[in-house]
Amino acid sequence: MKTRSELREISMKSLYQVFVIQNTSLDLNVEAIIKENIEEENEFVETIVNGVLEHKEDIKSLINKYLEGWTVDRFNFVDQAIMYIGVYELIYTRTPSIVSINESVELSKKYSDEQVTKMINAVLDNIYHSEESNAR
């Protein structure tokens, strides 16, 4: 059985693949991408991936609101996936805020550079303090 941290990493990898395919003319099959990344069906992964995709434009607007002089589109797809997951969990789930932020920061430490990790942490922290209580 995989931990929630491992499942978030699988979600991030799945979203990365979705974002890459969305930039091409290839057919997108989100379910097939999820199945490629995890052997057995997993509701947690499916909920995160599909939730991010369902709320992508709202999440994007929220991220851009707190990026100073940047837009989320300037980040590579891995960093975007990490940020989208963090915001999705903060705003649309009952995951404790500290867990959502910490999990995204830890993923970023593994896959991103220090500067991006700091930006992800700052954006999520600002969203937590400014937006989260209004959304729930």
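I looked up D73 and found it partly exposed at 45% relative accessibility, where that class lies between buried (under 20% relative accessible area) and exposed (over 50%), computed with a 1.4 Å probe on protein chains only. I note that this is a predicted model, in which local features need pLDDT of at least 70 and side-chain atom pairs count only at pLDDT 80 or more, while totals for chains, interfaces and linings use all residues. Residues are numbered from 1 along each chain as its sequence is written, and side-chain values use heavy atoms, with hydrogens and water left out.

I then searched the whole structure for salt bridges and got seven, taking a side-chain nitrogen of Lys or Arg within 4 Å of a carboxyl oxygen of Asp or Glu as the criterion. One of them joins K60 to D73 at 3.1 Å, N to O; K60 lies in helix α4 (residues 56–66) and D73 in the loop between α4 and α5 (77–92), so this pair ties together parts 13 residues apart in sequence. Helices here are DSSP runs of H or I with at least four residues, numbered from the N terminus.

Next I checked E9 and K110, whose side chains meet in a salt bridge at 3.0 Å, N to O; because E9 lies in helix α1 and K110 in helix α6, the pair ties together parts that are 101 residues apart in sequence. E9 is buried at 13% relative accessibility, whereas K110 is exposed at 55%.

Last, I recorded R8 and E103, which form a salt bridge with the closest N and O atoms 3.8 Å apart.

Notes: Helices (H or I, at least four residues) and strands (E, at least two) are DSSP runs, numbered from the N terminus.
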